[in-house]
Structure formats: C-alpha cells, structure tokens
Amino acid sequence: MIKLLLAEDQGMMRGALALLLGLEEDIEIVAQVGDGDAIVPKALETKPDVALLDIELPGRSGLDAAADLRARMPGCQVLILTTFGRPGYLRRAMEAGAAGFLVKDGPVEDLAAAIRRVLAGERVIDPALAAAALSAGPNPLTQRERDVLAAAVDGATVADIAAKVHLSPATVRNYLSAAIGKTQTRNRMEAVRAARQNGWL
C-alpha cells in the first residue's frame, strides 16, 4: 500500500480527493491536513510514502513545507497539486525537492498514476506547464526582493515593510526599485502582481 498525506485547504476538495484516491486499491490516505503548518508534524507522525500538497495554504505554503519535508523525511516523495499552474511555482517546487507538479484540472486517474510514478522515483510534471516554465526563464528576483515584495502585498508603506523585513526604509526603497525594474512594471503594486502571476512570490 502507498501511504499518502493530503494537504489541501478547501475542505470539500480535500474530502473529494481523499474519497477518490481512497478507491484506488494500492493507495491509503494516512493523513489529511488543511494548513501548511500541520504538514511536517503530521508527516513525522504518520510516515507517508508520498505527500500530495497544494501550494496556497494557510500558514506555510506547500512549497515551503515541501522543502522542510524533504529535508526531514527524505524517503517521502512530494507531489504538488495546485490550481495555479505558474512557471515560477514549478521552478520553486523543483528547487524544494518536489518529485512532481500537476494542476488540478486533470483526471483523478492521472493523479493516481502520478502518485505511483513519483514513488517509483520518476519525475512527473504537467507537460504544458513544463513548456511554459522553459519559455518563461528563471526568476529574476533575489530572495530579498521577493521578501520586500511579499511584505508589500497589502499596500503597506515603506516604513511598514522596513519594520516587517528588518531593513532600513532606504534599503527597502532600493529593493522595491530593483524589483520594479526587473518585473518591467511602473510601481510596487504592479510589481507584486507581476511577480505573483509568474509564481515568483
């Protein structure tokens, strides 16, 4: 039996996935979680073979949890399943050690097959997303630029951003300016939007 941990914040979707995957003869759902902070503790407790993670979760993102999970449980394969098929997300998932990346609009049979394939050591990536990621190129933003943009998401002032990321206001302005230039936008809110659309945040 393949032991599976399922992380999805939408209760109905999580329940439907658990029900459908539970119908597979060789898959057993050993844990279901609704937020990113619960992924690693639940995985350490239940010892899944595969962790099926959504990206956008309350608490930690599925991408952040994937990196920690791979470091703490290297035998557990991570498969990202998301609504957001953004090239930047795919790159970040691969950097975090994920073995697969699929979007939610595929058939459940493909998902079950992908679970078996990542457990067998294969990489499973949505073909359309792989092509888009190759054409999009790498993320041009540094980690600090991403941190500053992430802190600016809700329209925070430069002073608020500086306090949140523990930098001076002048340094924050420099990072914002660099991010605006790299995203080829006119202001920080457009830069945030562009970075999100590309999966860089």
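In which strand does Gln77 lie? In this predicted model, Gln77 belongs to strand E4, which spans residues 77-82. The residue is buried, because its relative accessibility of 17% falls under the 20% limit. Beyond residues up to four places away in sequence, Gln77 touches Asp49, Val50, Ala51, Arg70, Ala99, Val118 and Leu119.

An unreviewed UniProt entry annotates Asp54 as "modified residue: 4-aspartylphosphate". Asp54 sits in a loop.

Nine salt bridges are found in the structure. One of them pairs Glu45 with Lys42 through their side chains, at 3.6 Å from N to O. Both residues belong to helix H2 (residues 39-46). They are three residues apart, or about one turn of the helix. Glu45 is exposed, since its relative accessibility of 57% is over 50%. Lys42, at 27%, is partly exposed.

A further salt bridge joins Arg60 and Asp68. Their closest N and O atoms are 3.2 Å apart. Arg60 has a relative accessibility of 26% and counts as partly exposed. Asp68 is also partly exposed, at 23%.

Glu145 and Lys182 form another side-chain salt bridge, with an N to O distance of 2.9 Å. This pair links distant parts of the chain. Glu145 lies in helix H7 (residues 143-151), whereas Lys182 lies in helix H9 (residues 169-183). The two are 37 residues apart. Glu145 is buried, because its relative accessibility is 5%, under the 20% limit. Lys182 has a relative accessible area of 34%. That value lies between the 20% and 50% limits, so Lys182 is partly exposed.

Notes:
Residues numbered from 1 in each chain as written. Predicted model: local features only at pLDDT ≥ 70, side-chain atom pairs only at ≥ 80, totals over all residues. Heavy atoms only, no water. UniProt positions renumbered as here; feature names shortened; annotations may be inferred. Helix = DSSP H or I, 4+ residues; strand = E, 2+ residues; numbered from the N terminus. Buried < 20%, exposed > 50% of the residue type's maximum accessible area, 1.4 Å probe, protein only. Contact = heavy atoms within 4.5 Å. Salt bridge = Lys/Arg side-chain N within 4 Å of Asp/Glu carboxyl O.
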